[in-house]
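User: I am new to this structure and would like to go through it in short questions and answers. Please show it, and then begin with a term that will be needed along the way.

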Amino acid sequence: MSTGTWMRSNLTTQGYRLSDAERRELSVGLRFSTGLCLTLVVAALALQSPVMVFALSGIGLVAGFSARHPFDHLWNLVVRHVVGGPALPPNPPRRRHAFKIATVWLATVGVLLSTGATTAGLLLGGLLVAACGAVTVANLCIPSEMFAWWERRTARRTPTTI
């Protein structure tokens, strides 16, 4: 499987229905929100800042329940005019569900850091950095993969008639 095919498959798993031309045009923009969040999570973990982690959890909550991640608005209104590129489409449901998982994950890291369980918070935060890195670099969204697997597993089979 070629890299382009694999990347397209990863975006399709997240729920995007893009042509190859659209995928190429959006390649940076679709990574912007996760890349910025990844950078901020790394900074929050380096500072061991529960306040910053809780703030990111709030951003994730908005992203999980709205059509656009708050950082998508930043891309659409400011960044794309500087670097070039089209406006981002709304986030598909699977991607929004992944943001909901990240929200709970961030909140848990924030609680761990704020209660003095720093090692556990940093470990769990490091796993989140890895997951966020995968979606930013390769469009490989692990929660979307899990949701797609679950949907395939639980889909009702259409009975065949003879």
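Analyst: Buried means under 20% relative accessible area, exposed means over 50%, and partly exposed lies in between (1.4 Å probe, protein chains only). This is a predicted model, in which local features need pLDDT of at least 70, side-chain atom pairs count only at pLDDT 80 or more, and totals for chains, interfaces and linings use all residues. Residues are numbered from 1 along each chain as its sequence is written, and side-chain values use heavy atoms, with hydrogens and water left out.

User: How many helices does the protein chain have?

Analyst: Helices (H or I, at least four residues) and strands (E, at least two) are DSSP runs, numbered from the N terminus. Along the sequence the pattern reads α-α-α-α-α-α-α-α. There are zero strands, and the number of helices is eight.

User: What share of the residues in the protein chain is buried?

Analyst: The C-alpha atoms of the protein chain fill a box of roughly 65 × 45 × 30 Å along the principal axes. The chain has 162 residues, and the buried share of them is 36%.

User: Is Cys132 buried or exposed?

Analyst: The relative accessible area of Cys132 is 13%. Since the cut-off for buried is under 20%, Cys132 is therefore buried.

User: Which cysteine sulfur is nearest to that of Cys132?

Analyst: A disulfide is a pair of cysteine sulfur atoms within 2.5 Å, and the structure holds zero disulfides. Cys132 is in no disulfide, and the nearest cysteine sulfur, 5.2 Å away, is that of Cys37.

User: How far from Cys141 is the nearest cysteine sulfur?

Analyst: Cys141 counts as buried at 8% relative accessibility. Cys141 is in no disulfide; the nearest cysteine sulfur belongs to Cys132, and the distance is 9.4 Å.

User: Are α3 and α4 roughly parallel or roughly antiparallel?

Analyst: Helix α3 (residues 29–47) and helix α4 (residues 50–65) pack at about 155°, with their axes 8 Å apart. Axes are lines fitted to C-alpha atoms, for helices over the stretch in contact, and angles run from 0 to 180 degrees between N-to-C directions. Angles under 35 degrees count as roughly parallel, over 145 as roughly antiparallel, 65 to 115 as roughly perpendicular and the rest as oblique. The two helices α3 and α4 are therefore roughly antiparallel.

User: How many nonpolar residues are in the contact of α3 with α4?

Analyst: Contact means heavy atoms within 4.5 Å, and here Cys37, Leu40, Val41, Ala43, Ala44 and Leu47 in α3 meet Met52, Val53 and Leu56 in α4. Ala, Val, Leu, Ile, Met, Phe, Trp, Tyr, Cys and Pro count as nonpolar, Asp, Glu, Lys and Arg as charged, and the others, Gly among them, as polar. The contact of α3 with α4 has no polar and no charged residues, and its nonpolar residues number nine.

User: How is α6 placed relative to α8, and what term describes this?

Analyst: The axes of α6 and helix α8 (residues 142–154) come within 8 Å and cross at roughly 120°. That makes the placing of α6 relative to α8 oblique.

User: How many charged residues are in the contact of α6 with α8?

Analyst: Arg94, Arg95, His97, Ala98 and Ile101 in α6 meet Pro143, Ser144, Phe147, Ala148 and Glu151 in α8. These residues divide into five nonpolar and two polar, and the number of charged ones is three.

User: Which residues are in contact with Thr103, leaving aside its neighbours within four places in sequence?

Analyst: Thr103 has its place in helix α6 (residues 93–114) and counts as buried at 10% relative accessibility. With those neighbours left aside, the residues in contact with Thr103 are Ser57, Gly60 and Leu61.
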